[in-house]
Amino acid sequence: ITSPLSFIQTEIKMRVLRLAVLSLCVTGGDALAIFMGTGNSFGKLFRISTWGESHGGGVGVNLDGCPPRIHVTREDIQRDLDRRRPGQSRITTPRNEADAVEIMSGLNPEDITLGTPIAMVVRNKDQ
């Protein structure tokens, strides 16, 4: 039997992952405006800010407001990022980069959130 707290933590984790992946995948110009209007930050209690450009050194996201003590691994985020990877069909961009997410801050060595902002980056290898 799953405790209510465990269920809530799992739900928060899945929402964090999906928002992070969406933030990392939607980069630049008109596509970004569709989701967020003007600017690069949205949310109040849970704030997401994207940065970088697909033609620059890379793209990243800062997630602020994620509660502490949630287990989140780089592999969890990478799995969803891989699902959205371009170059997998003829209707997507031909760019075929293996985007690798790096978690820069916000997790302890055991991959548990600290309650501080989580910063992630995907470096561009195909400029």
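Reply: Ser41 lies in strand β1, where strands (E, at least two residues) and helices (H or I, at least four) are DSSP runs, numbered from the N terminus. This is a predicted model, with local features needing pLDDT of at least 70 and side-chain atom pairs pLDDT 80 or more, while totals for chains, interfaces and linings use all residues. Residues are numbered from 1 along each chain as its sequence is written, and side-chain values use heavy atoms, leaving out hydrogens and water.

At 24% relative accessibility, Ser41 counts as partly exposed; that label sits between buried (under 20% relative accessible area) and exposed (over 50%), with a 1.4 Å probe and protein chains only. Val61 is 20 residues from Ser41 in sequence, and their C-alpha atoms are 9.5 Å apart.

Now the strands themselves. β1 (residues 41-42) pairs with β2 (residues 47-53) in the antiparallel sense over 2 bridges; pairing takes at least two DSSP bridges between two strands. The two form a hairpin with 4 residues between them, and Gly43 in that turn has a positive phi of about 105 degrees. On to β3 (residues 58-64): β2 and β3 run antiparallel and are joined by 7 bridges, with a hairpin of 4 residues connecting them. Arg47 has Asp64 in β3 as its bridge partner.

As for charged pairs, the whole structure has 2 salt bridges, each a side-chain nitrogen of Lys or Arg within 4 Å of a carboxyl oxygen of Asp or Glu. Side chains of opposite charge can pair when their charged atoms come close. One joins Asp76 to Arg79, with the closest N and O atoms 3.6 Å apart. Both sit in helix α3 (residues 74-83), 3 residues apart, about one turn of the helix. Asp76 is buried at 12% relative accessible area, whereas Arg79 is exposed at 53%.

In the other, Glu102 meets Arg123, with 2.8 Å between the closest N and O atoms. This pair links distant parts of the chain, 21 residues apart: Glu102 in strand β4 (residues 101-105) and Arg123 in strand β5 (residues 118-123). Glu102 is partly exposed at 29%, and Arg123 is partly exposed at 42%.
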